[in-house]
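Reader: I would like a close look at one part of this protein, taken slowly and with the terms spelled out.

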Amino acid sequence: MNLLEKALFYFQNQLPFVLYAKPDDVVLQGVFQKNDALHVFENQNGFVFAGFYNTTNVVFPLTDSEVFQEEMIFNIEAQTFNVEHTSDENAQKSFENLVQKAVSEIENGTFQKVVVSRKIEISQSVDVIKSYQKLLKTYPTAFRYLWYHPQVGLWMGATPEQLTKINNHTFETVSLAGTQVISENVIWQEKEIEEHQLVTDYIKNSTENLVENIQISKAYTQKAGNVVHLKSDISGKLKSDISENDLINALHPTSAVCGMPLHIARNFILENEKYNRKYYSGFLGEFRMQEQTNLFVNLRCCEIENDLITIYVGCGITKDSQAEKEFIETENKAKTILSVLIPI
């Protein structure tokens with residue numbers, strides 16, 4: 001039984017599992033929990049799935065799970081049809097009003113930046129395993145996962161953003177912000193450059209008491225599906241008295257998914273988004289597996305429940321943001337998931 005077949009068996013029998021592939025890797029990995037217990041994450045070694053805020057963080061502990069890996073083999077035929085999505089005028093107006101309110105708060109000095117989001121709900125049944133195969137094949141540079149727990153639900157995504165990688169007290173992370181549709185000649189505007197710099201500064205300031213020898217690369221363009229972002233690589237060494245969790249708590253949520261100052265921006269989100277992000281913009285991945293921690297921010301993701309697909313999308317708001325352009329950006333980001341969903 002290959003991993004895709006094993007995942008389908010677990011899903012049909014309501015048992016927890018995750019399939020995942022790391023960026024630029026052709027190896028598919030799977031963690032299959034031996035029972036249907038819900039394990040709250042409390043630093044156990046295993047695969048962690050954590051929410052944005054005030055959500056039950058779940059782990060599939062290594063002590064209660066089987067771990068497998070195999071080389072990816074794709075057996076899906078080219079699909080000529082996708083799940084359809086038409087923009088909703090009320091949803092657009094509501095989101096644009098949210099963006100305008102955020103810009104007003106920035107102009108008033110409440111915060112420097114905030115990341116606002118929305119969800120897109122589509123009534124459609126999809127073939128989960130075939131859709132995940134298509135996602136694996138379509139986005140080779142992303143962290144691609146399919147995660148399920150009967151008490152939480154089924155999530156799938158292809159995220160371009162690493163939260164952190166920690167190995168032997170050396171850590172890596174990224175600053176990722178600014179978005180535009182991919183083109184031959186990518187030119188970054190001042191708004192996008194400023195947004196990226198805010199994220200970079202936030203990470204540097206949040207970690208400066210925890211790390212030493214921090215290094216930050218120059219910004220470069222990173223492709224992520226049908227869009228591109230500005231990205232910088234950041235690395236350093238944890239101080240001897242600092243734990244992995246200290247760094248994770250300092251980084252999450254990053255200003256790339258929340259804003260800055262953190263608490264004021266998060267309060268704005270909680271009061272104004274009018275929906276629960278759940279695990280969108282949380283983090284997931286290996287916690288002390290194979291002698292390292294390797295975590296990613298949960299972006300470009302969806303939740304699948306029977307015949308309802310919920311796609312989560314957001315964008316960073318600064319003083320120069322324009323409401324209509326930000327809505328279009330969320331529509332473009334939604335295509336990452338829409339393009340791989342295969343209807344039943």
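How much space lies in the largest cavity, and which residues line the largest cavity?

Author: This is a predicted model, in which local features need pLDDT of at least 70 and side-chain atom pairs count only at pLDDT 80 or more, while totals for chains, interfaces and linings use all residues. Residues are numbered from 1 along each chain as its sequence is written, and side-chain values use heavy atoms, with hydrogens and water left out.

Rolling a probe the size of a water molecule over the atoms shows where empty space is left. On a 1 Å grid over the protein atoms alone, a cavity is a set of points where a 1.4 Å probe fits but cannot get out, and its lining residues have an atom within 4 Å of a point. Grid points are joined across faces, edges and corners, and a volume is the space filled by probe spheres set on the points. The structure holds 1 cavity of 30 Å³ or more, and about 230 Å³ of space lies in the largest cavity.

The lining of the largest cavity comprises 24 residues, and those nearest its centre are Ala 256, Leu 299, Arg 300, Gly 314 and Lys 333. By kind, the lining has 11 nonpolar, 6 polar and 7 charged residues, where Ala, Val, Leu, Ile, Met, Phe, Trp, Tyr, Cys and Pro count as nonpolar, Asp, Glu, Lys and Arg as charged, and the others, Gly among them, as polar. Helices (H or I, at least four residues) and strands (E, at least two) are DSSP runs, numbered from the N terminus. At least two lining residues come from each of strand E6 (113-123), strand E10 (170-181), strand E18 (308-317) and helix H7 (323-338), and E18 gives the most, with 5 residues.

Lys 333, one of the residues nearest the centre of the cavity, has its side chain in a salt bridge with Glu 329 at 2.9 Å, N to O, a salt bridge being a side-chain nitrogen of Lys or Arg within 4 Å of a carboxyl oxygen of Asp or Glu. Glu 329 and Lys 333 both lie in helix H7, 4 residues apart, or about one turn of the helix, and both are buried (buried means under 20% relative accessible area, exposed over 50%, partly exposed in between, with a 1.4 Å probe and protein chains only). Salt bridges that share partners also join Lys 113, Lys 191, Glu 195 and Glu 326 into one network. Glu 195 and Lys 191 are separated by about one helical turn because they are 4 residues apart in helix H4 (residues 190-207). The count for the structure comes to 12 salt bridges.

Two members of that network, Lys 113 and Glu 326, are also among the residues in contact with Ile 317 once neighbours within four places in sequence are left aside, as are Val 99, Ala 102 and Val 114 (contact means heavy atoms within 4.5 Å). Ile 317 belongs to the largest nonpolar core, of 67 residues, and is one of those that touch the most other members, along with Phe 47, Val 114, Tyr 145, Trp 147 and Trp 155. A nonpolar core is a set of buried Ala, Val, Leu, Ile, Met, Phe, Trp, Tyr and Cys residues joined through side-chain atoms within 4.5 Å.

Technical notes
On a 1 Å grid over the protein atoms alone, a cavity is a set of points where a 1.4 Å probe fits but cannot get out, and a pocket is an open set with protein on both sides within 12 Å along at least five of seven lines; lining residues have an atom within 4 Å of a point.
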